[in-house]
Amino acid sequence: MPPPATSLPFSSCQRCATCCRRGGPALHGVDRPLLATGGSLSRSDLVTVRRGETAFDPASNRYQPVTRELLKINGRGGSWSCRFLVEESNSCAIYGGRPMECSLLMCWKPAPLLEAIGTDPLDRFDLIEPGSALAGLLHRHEAECSWPEVNQLIGQLGNDRGGHLLARLNQMVAADLSLRIEAENTHLLPRAHELFAFGRPLFLVLQAHGLRARERDGRVEVFV
């Protein structure tokens with residue numbers, strides 16, 4: 001996030017869209033009506049950032065593991081640039097129905113947004129019926145593909161002389177993909193809702209941590 005107002009030569013939005021290109025907002029409880037029928041958002045617009053996954057923190061102005069799950073508007077084109085950014089005019093396609101964080105974002109006066117971060121955050125389980133088959137599947141996913149465990153394994157890979165830690169990571173990669181397929185085939189989860197339900201595939205996120213991925217014998221594996 002840009003520095004405070006005292007060092008900026010303006011006190012209103014210049015429509016540069018820098019904030020929109022840094023990523024879509026996280027959702028809060030007050031944003032729930034935006035996901036109702038006829039609202040500006042749908043589950044296909046969202047991505048879950050799971051607890052322990054690395055994300056940009058505006059409060060610290062750096063990337064770090066999140067301490068609790070977040071539900072964010074997804075990017076587009078493989079980037080975090082907000083999917084509702086209209087590039088030609090640097091405007092917002094859902095401005096009248098934008099989330100709370102967007103309405104609070106003023107790069108010349110960041111205090112209101114920083115105060116709101118972490119307040120009543122919305123996550124995927126707030127939008128899924130408790131006790132449903134899908135909820136149970138996602139709890140299995142959290143248990144079998146835990147980001148805190150992933151981070152621990154990544155931190156120790158330099159000493160993984162027997163390859164056991166990498167093998168464990170590949171077990172988690174396989175479980176992650178298997179549960180996504182099960183959700184689609186058995187629980188009829190629309191493919192467009194996959195990022196909402198599971199977040200980004202583990203093998204893709206691991207590439208940002210220096211690992212590479214390949215397909216071998218019909219399965220995806222990561223390697224150093």
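In this predicted model, the side chains of Glu221 and Arg214 meet in a polar contact of 2.6 Å. Glu221 sits in strand 8, which covers residues 219-223. With a relative accessibility of 7%, this glutamate counts as buried. Setting aside residues up to four places away in sequence, Glu221 touches Asn170, Arg212, Ala213, Arg214 and Arg216.

**Another polar pair, at Arg124**

A polar contact of 3.0 Å links the side chain of Arg124 to that of Glu69. Where is Arg124 found? Look in the loop between helix 3 (111-116) and helix 4 (133-144). Arg124 counts as buried, at 0% relative accessibility. Beyond residues up to four places away in sequence, Arg124 touches Thr48, Arg50, Glu69, Leu71, Leu138, Glu142, Phe196, Ala197 and Phe198.

Leu71 belongs to strand 4, residues 70-73, and is buried at 0% relative accessibility. Its contacts, not counting residues up to four places away in sequence, include Pro25, Ala26, Leu27, Val47, Thr48, Asp123 and Phe196. Leu46, Leu122, Arg124 and Leu127 are also among them. Ser81 is ten residues from Leu71 in sequence, and the two C-alpha atoms are 15 Å apart in space.

Leu46 brings us to strand 1, which spans residues 46-49. This leucine is buried, with a relative accessible area of 0%. Leaving aside neighbours within four places in sequence, Leu46 is in contact with Leu27, Leu35, Leu71, Lys72, Ile73, Asn74, Leu195 and Phe196.

Leu35, one of those partners of Leu46, lies in the loop between helix 1 and strand 1. Is Leu35 buried or exposed? At 19% relative accessibility it counts as buried, because the limit for that label is under 20%. Leu35 touches Leu27, Leu41, Ser42, Arg43, Leu46, Leu122 and Leu127, again without residues up to four places away in sequence.

| Pair | Separation along the chain | C-alpha distance |
|---|---|---|
| Leu71 and Ser81 | ten residues | 15 Å |
| Leu35 and Leu127 | 92 residues | 9.2 Å |
| Leu46 and Glu194 | 148 residues | 9.2 Å |

**Two helices side by side**

Helix 4 has a partner in helix 6, residues 164-185: their axes come within 10 Å and cross at roughly 170°. How are the two helices oriented, roughly parallel or roughly antiparallel? They are roughly antiparallel, because angles over 145 degrees count that way. On the helix 4 side, the contact is made by Leu137, Arg140, His141 and Glu144. Helix 6 contributes Arg168, Met172, Ala175, Asp176, Leu179, Glu182 and Ala183.

**Cysteines without a bridge**

How many disulfides does the model have? The count comes to zero. Take Cys13: the closest cysteine sulfur, in Cys19, is 6.4 Å from its own, which is too far for a bond because a disulfide needs the two sulfurs within 2.5 Å. Cys13 is exposed, with a relative accessible area of 57%. Cys145, by contrast, counts as buried at 1% relative accessibility.

Ala17 is not a glycine, yet it has a positive phi of about 65°. You will find Ala17 in the segment before helix 1 (18-21), and it is buried, with a relative accessible area of 6%. Asp120 is another non-glycine residue with a positive phi, here about 50°. Asp120 is placed in the loop between helix 3 and helix 4, where Arg124 also lies.

**How confident is the prediction?**

The mean pLDDT of the protein is 91, and 96% of its residues reach 70 or more. Over residues 1-6, however, the pLDDT is below 50. Beyond near neighbours in sequence, that stretch has 14 contacts in the model. Which element has the lowest confidence, and which the highest? The lowest is strand 2 (residues 54-57), at a mean of 80, while helix 7 (residues 194-198) is highest, at 98.

Terms used:
Residues numbered from 1 in each chain as written. Heavy atoms only, no water. pLDDT = per-residue confidence, 0-100. Helix = DSSP H or I, 4+ residues; strand = E, 2+ residues; numbered from the N terminus. Contact = heavy atoms within 4.5 Å. Buried < 20%, exposed > 50% of the residue type's maximum accessible area, 1.4 Å probe, protein only. Polar contact = N/O pair within 3.5 Å; in protein donor to acceptor, adjacent residues only side chain to side chain. Axes fitted to C-alpha atoms, helices over the stretch in contact; angles between N-to-C directions. Parallel < 35°, antiparallel > 145°, perpendicular 65-115°, else oblique.
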